[in-house]
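The following report describes sheets, a helix pair and a chain contact in turn. Please read it alongside the sequence and the structure shown here.

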Amino acid sequence: MSTETTQQIEQRIAGCTVSEFRGQARVVVPCEAIHEALTLLKNECGFDLLVEITCVDYLNFRDATDRFGLVYLLANSATNERIILRTYVNEPDPSVPTATDLWRGANWMEREVFDMYGINFAGHPDLRRILMPEEFTAFPLRKDYPMQGRGERHNFPVIRRGDA
Amino acid sequence: MTLTLSEINEQRAQQSDYLWTLNFGPQHPATHTTLRLVLQLDGERVVDATPDIGYLHSGFEKLGEHLDYNQYVTITDRMNYISPAANGVAWHHAVENLMDIEITPRCQYIRVICAELCRISDHLLSCGAMGLDTGAFTFFLYAFYQRELIYDIFESLSGQRFHPGYTRVGGLFHDLTDVTIEKIRAFVRGFPKVHGELEKLLNRNRIYVDRTKGVAVLTKEEAINFSATGPIARASGVTRDLRKDEPYLCYADFDFQVPCMKTGDCYARYYVRMREMLESLKIVEQALENLPAGPINVGEDERTALPDKHAVYQSIEGTITHFELVMNNRGFEVPQEEVYGAIESPNGELGFYIVGDGSDVAYRAHCRPPSFIHFAIFPHLIRGHTLSDVVAVLGSLNIIAAELDR
Amino acid sequence: MSQVDLPDDVVITKLDELASWCRKNSLWPMPFATACCGIELMATGASRHDLARFGAEVFRFSPRQCDLMIVAGRVAMKMLPVMQRIWQQMHEPKWCISMGACASTGGVFDTYAVVQGIDRFIPVDMYIPGCPPRPEQLIQAIMDLQEKIQREGTLDGKEFNTSQRQQTKRALTELPIMGQSTVIR
């Protein structure tokens, strides 16, 4: 991982912290600067491939201060470098600006994060549930949602032999 | 820009009331799996498509937060179920990255053999199903017979023909036996001839070429912008292949090519897959010939790999080690950190983002599913093509619902 | 009563048995394939295992042409209404095979989104264990189902309407939901 990129981000974005673990560079960016950081990385540092957007719920995590951590995995398709961009958002209104204006592939990734964690992506063109049914109300991957659900999975009419 | 269904309805309700809506799926023979498309048609031409997914969402990632690092391999197997062992390789690649375990050379080679056999079987099914949808049933039957041979290999390798669940943290469930090696050798010997026949069936088949060439073109820039990876990106001229670019396991030891094409249409995606099978076969052959001797698991003192079953039942040390590893909070030493590990799965970059919290269960196990990202491209690809192209495009993208919805 | 000698090409049987014999040997499966088991279902129809040997190879994707629904794979919350609708669209007499652990019980997927056994919501005639079952197991299940149809089938489908059968089905669907309150570690 080149230190140039991380240095550049440190200079340009105020309040970010850089760390490294097992050879993977991670940059934690303040929530309001995430779009600026993504634009910088895409347009000036050559990180043109958005690998994935995901989220972690730090509800029961030891020493965690923030509720949700958003993770942007980026890669440079020419030099094969990778960088992990992270930011934290909190209740009651977890919201970040969308990245769909930079990458069209971000559309579904953000919808999935919205579906599973209820994080609002401001400016997203089509922020609907993607995996769960529309009428589902909870956010299943949040840590306070039980694994077996709250009975939604068996809330259906029963068809017997005589009914058909 | 993708329009939502409501926006489409709003915009077009007044001006183009001749458009009609076709519901495609979720239970349809050509989707092969469970996905739904709402197509806006102008006669036979597709004006827009709105995919609707989630019909097989089963909470894989939630399960990952409740099963330990060894148990979760049973779940990852069921993720991309036409190349199960490759998912296990990806998962344990990421886990070993998190725990900083260096696996033994023999284990690396065997994992490569598994992953490449999976690639062949995945491509056989995806090309076969694409042939099936475009009217080439013979190809499907030929391809499926070869898949049965690969199933046989996995059956003698692990005991289960479909979901081997073969990898473990720091090693493998079992070493290769002579029977398995003989079966792989026989497959490597016999497959090129069948592959040649398969190519003869479709490569210059007039109907097939007419239905796939020039259909649903994805340019290189679009491929990168849509985060496409794997054969789909390589058919559009992106040369990225993690096996070459970030050599994991022992891929640096092998001599193989990465097939790429520039046209980016359905035919290119099919052809890249066909060529990749031969390259995978080359890797399997080389790996088998140069298979290093030695143990398959890392040393017992590192407290990561489960001991051999024989040792568990016959010696007190083995029993103790086994119990230490399977008991809650006594097993693995996991840092409280986050890590991403990815491999080149048959469908593209398959990665896991794992958050460890010190216990033997992942705090968060996120999967980067290639099918999900590729299916997002579908509306863009199909716009302007005819209804009959829908199945060809779906087949060429190789969407696996269990990986799509997880 | 005097004994009448039948000509060689005449067979006398009960109408019920004749109907069952016809039905059992021409099962038209509706492959409701959702996940991994669907691939094994394809393998059963493909080269090596060849389901055609049992008269059940005519896979029809339109429910109105089928009389055997094979539910292969887990059924998620979003998919269940679709499955019920397809089941209702099929004509009587119809049968249902629940293929694999996931369709029968939810299998390893005891999560918020997966229905823990389709028999909670539609009637099931045959369960196949395995994750996924081997093609041989599916073939065995189809043979068993054929035997069942021959054994208890009637011309006008009386076997589907017995009150005792309804009761056993009801008992099955009204079982308490297990593990709802506990979290598995």
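In chain A, five strands form an open sheet in the order β1-β2-β5-β4-β3, with mixed pairing; strands are taken to pair if DSSP finds at least two bridges between them, and helices (H or I, at least four residues) and strands (E, at least two) are DSSP runs numbered from the N terminus. This is a predicted model, in which local features need pLDDT of at least 70 and side-chain atom pairs count only at pLDDT 80 or more, while totals for chains, interfaces and linings use all residues. Residues are numbered from 1 along each chain as its sequence is written, and chains are lettered from A and ligands numbered from 1 in the order in which they are written.

The edge strands of the chain A sheet, each pairing on one side only, are β1 (17-21) and β3 of chain A. Eight bridges join β4(A) to the antiparallel strand β5 (residues 82-89) of chain A, and Leu74(A) stands opposite Ile83(A) in β5(A).

| Helix | Strands touched | Angle between directions |
|---|---|---|
| α2 (residues 34-43) of chain A | β4 and β5 of chain A | about 170 degrees with β5(A) |
| α3(A) | β3 and β4 of chain A | about 5 degrees with β3(A) |

Chain B holds an open sheet of three strands in the order β1-β2-β3, with antiparallel pairing. Its edge strands are β1 (20-24) and β3 (45-52) of chain B, and the twist averages 25 degrees from one strand to the next. Seven bridges join β2 (residues 36-42) of chain B to β3(B), and Asp42(B) has Arg45(B) as its bridge partner in β3(B).

Also in chain B, the axes of helix α7 (residues 178-202) and helix α12 (residues 266-289) come within 11 Å and cross at roughly 160 degrees. That makes α7(B) roughly antiparallel to α12(B), a term for angles over 145 degrees.

The contact between the chains takes 30 residues from chain A and 37 residues from chain B. On the chain A side, β3 (49-57), β4 (68-75) and α3 (106-117) of chain A each supply at least two residues, and β3(A) gives the most, with six residues.

Terms used. Axes are lines fitted to C-alpha atoms, for helices over the stretch in contact, and angles run from 0 to 180 degrees between N-to-C directions. Angles under 35 degrees count as roughly parallel, over 145 as roughly antiparallel, 65 to 115 as roughly perpendicular and the rest as oblique. Two residues are in contact if their C-beta atoms, placed from the backbone, lie within 7 Å.
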